[in-house]
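I opened this entry to record what I looked up in one protein chain.

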Amino acid sequence: MALLSSALALSGLVVPAAQAPAAATPGSARTMPATTSGARPAVTAAVTPAAVATPGAPAAAPAARRAPLVWSQRTCSSDVRDLARDLPRPALVECTTMRVPLDHARPAKGSITLKVTRVRSSAPGRSTRTLFVNPGGPGVAADWMAPALAAHAPELHRSHVIVAVDPRGTGGSTPADCTLESAPVSEVRDPDAAELKALQASMATTVSRCVARHGRLLPHISTAATVADMEAVRARLGAGTVDWYGVSAGTWLGARYAQTHPRRVGRIVLDSVVDITTTWRGSFAEQPRGFQRRYTRQFAPWVARHHSVYGLGATPAAVLARIEAIRGQAVRGTLGAVTPADLDVVIADRLYHDASFMRMAEDLSVLAEGASDAELEQLRREAETAFDNGQGPLTAEDTVFMAVQCNDFAWSRSQSSYVEEGRRLGKAYPLIGWTWLTSPCATWPYRAKPLTPIRRHSLPAGLILQNELDPATPWRAPAGCGARRRTFGSSPWTTRARTESSSAATPARADRPRPTSPRASCPRATSSARDVRCRAKARSARWVAS
């Protein structure tokens with residue numbers, strides 16, 4: 001989460017009390033007013049800090065007559081309760097559930113449950129704002145992000161009520177878990193016709209079984225439906241506007257929320273941005289390049305610099321050659337049950353965080369020297385849980401990941417189009433590129449409802465943060481630090497990047513590469529400053545959207 005505090009200051013989400021006006025003035029809807037330090041939060045249901053509207057924004061509509069939301073920490077997940085203990089006042093973390101339509105266009109179809117987690121402001125007052133957060137996926141449960149962000153950014157904890165909504169289909173929001181049909185293919189690089197057919201058949205079976213299990217819910221899991229859910233939560237909380245902090249695929253959701261409800265959005269920070277101007281297929285196709293770049297330009301050089309420790313090669317080229325030799329052992333079946341696909345999966349998973357470099361180098365060193373049966377079995381089990389390698393059950397997050405991408409856009413029904421794409425990406429970026437050979441959307445039975453393209457003047461202004469060597473959301477701009485401006489909305493967006501950075505700079509790497517089936521997951525990240533040679537110098541700066 002490096003750069004987050006600077007980002008919040010730049011965006012106006014956090015303003016030092018000494019700099020902030022005592023109260024908001026008319027026409028300054030995007031300027032953060034001062035907070036009241038030391039005040040205790042309201043504990044009655046009659047007054048909610050989230051109900052304070054931003055000056056100049058539309059007032060919240062009167063709530064319909066219905067039972068008030070019942071908030072309690074007892075209904076939070078165990079992860080959230082554990083994270084709450086990191087806060088000076090854990091009792092400010094609380095959860096609730098609310099009902100929303102299964103189909104917002106046809107409420108008579110029934111309803112589903114949404115899980116909402118919030119962290120009340122540690123210093124509530126007239127100026128308290130509401131911040132929606134989302135860690136990505138698409139489909140990662142968001143509940144943990146609210147207390148984690150409050151602990152990491154105390155200024156934000158004082159100035160905002162931080163709200164996380166588990167997207168429909170995952171976490172505590174009517175979860176939909178499916179069963180994965182394993183593909184009997186251990187090597188996905190340049191497969192033959194029979195292996196391709198097996199991969200395609202397993203994917204089709206996965207989709208058909210998922211439809212049989214959750215056919216009522218699946219066609220209604222989409223970005224548009226999630227945006228409507230978020231708007232329903234905003235209205236129920238009584239917030240005139242909300243600020244937004246999204247990471248990875250959470251940037252996609254935030255952009256779509258801002259596009260759909262521009263007058264309900266205050267300040268926006270999009271961290272590690274997916275390409276919001278294209279389709280999911282176009283955005284995901286960037287990942288093989290991102291992972292390969294991280295692998296060859298950061299991991300291999302780092303291992304080479306520590307050749308005296310790991311003995312894998314004194315140059316990046318030597319390290320990569322040694323790893324390919326180890327992979328060749330897996331192809332020949334001399335690494336026990338560890339397959340070449342397992343090795344690719346574990347390497348890619350550990351590219352998300354700098355802290356994982358050491359463990360990956362240690363494991364590779366053990367494999368090079370001759371691993372024991374127990375060590376090989378441990379690596380194989382880790383591959384099963386890292387993210388999909390064609391084994392094990394799909395989680396609810398995986399199911400939502402699959403449903404959102406297939407429902408948001410019309411994908412090709414031609415299997416050959418994915419084979420062609422996978423071969424092209426695999427030859428260029430072999431670490432994970434070959435896993436684009438299949439797609440669940442090729443046999444998805446529901447008709448997509450394509451999203452409206454995001455074009456100029458379709459979004460309010462905001463701030464984009466990007467790491468230049470992020471594997472899952474790769475950056476294309478020229479190297480170097482500092483601010484760049486790019487027009488996405490009615491006002492230019494400001495983009496800040498840094499070189500030689502890692503994915504550990506963001507709170508979560510939600511977007512996952514898609515190996516042989518549609519699985520995704522979201523580990524909790526820790527930040528690291530290793531090998532960072534350039535930082536955006538914005539510590540005391542402030543960026544106010546206009």
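**Entry 1, overall figures.** I began with the contacts of the protein chain: among those with a separation of 6 or more, residues 24 or more positions apart account for 77%. I note that this is a predicted model. I then looked up the secondary structure, which comes to 16 helices and nine strands. Of the 546 residues in the protein chain, 59% count as buried.

For helix α6 (residues 223-237) and helix α7 (residues 249-260) I read an angle of about 70° and axes 10 Å apart. Angles of 65 to 115 degrees count as roughly perpendicular, and α6 and α7 are therefore roughly perpendicular to each other. The crossing of α6 past α7 is right-handed. On the α6 side I listed T223, T226, V227, M230, E231 and R234, and on the α7 side W252, L253, R256, Y257 and T260. Sorted by class, the contact of α6 with α7 has five nonpolar, three polar and three charged residues.

From α9, the residues in the contact are Y295, T296, F299, A300, P301, V303 and A304; from α11 they are P316, V319, L320 and I323. By class, the contact of α9 with α11 divides into 10 nonpolar residues, one polar and no charged.

I then took α9 against helix α13 (residues 355-369), where the packing angle is about 70° and the axes are 11 Å apart. α9 is thus also described as roughly perpendicular to α13. Here α9 contributes R294, Q298, F299, W302 and V303, and α13 contributes F357, M358, M360, A361 and L364. The class count for α9 with α13 is eight nonpolar, one polar and one charged.

How many residues of helix α12 (residues 340-349) are buried? I count 10 of the 10, so α12 is largely enclosed by the rest of the structure. The buried residues of α12 include the aspartates D342, D344 and D349, along with P340, A341 and L343. V345, V346, I347 and A348 of α12 are buried too.

Helix α3 (residues 145-152) is mostly covered, with six of its eight residues buried. The buried residues in α3 are M145, A146, P147, A148, L149 and A150.

Next was strand β7 (residues 463-467), which is mostly covered: five of its five residues are buried. In a regular strand the side chains alternate between the two faces of the sheet. In β7, L463, L465 and N467 point one way, I464 and Q466 point the other way, and all are buried. β7 pairs with strand β6 (residues 265-271) in the parallel sense over three bridges. I looked up L270, and its bridge partner in β7 is I464.

For reference, most residues other than glycine have a negative phi, and most peptide bonds are trans. The peptide bond from G137 to P138 is cis, with omega near 0°. P138 lies in the loop between β3 (129-134) and α3.

Which loop holds T174? T174 is in the loop between β4 (160-165) and α5 (193-214). T174 has a positive phi of about 45° although it is not a glycine. At a relative accessible area of 25%, T174 is partly exposed. D190 is found in the loop between β4 and α5. Phi of D190 is near 50°, again positive in a residue other than glycine. D190 is exposed, with a relative accessible area of 52%.

I placed T435 in the loop between α16 (415-428) and β7. Buried means under 20% relative accessible area, and T435, at 10%, counts as buried. The C-alpha atoms of T435 and P288 are separated by 9.1 Å, with the two residues 147 residues apart along the chain.

Terms used. Residues numbered from 1 in each chain as written. Predicted model: local features only at pLDDT ≥ 70, side-chain atom pairs only at ≥ 80, totals over all residues. Heavy atoms only, no water. Axes fitted to C-alpha atoms, helices over the stretch in contact; angles between N-to-C directions. Helix = DSSP H or I, 4+ residues; strand = E, 2+ residues; numbered from the N terminus. Parallel < 35°, antiparallel > 145°, perpendicular 65-115°, else oblique. Left-handed = near helix turned anticlockwise from the far one by under 90°. Contact = heavy atoms within 4.5 Å. Nonpolar A, V, L, I, M, F, W, Y, C, P; charged D, E, K, R; others polar. Buried < 20%, exposed > 50% of the residue type's maximum accessible area, 1.4 Å probe, protein only. Pairing = 2+ DSSP bridges.
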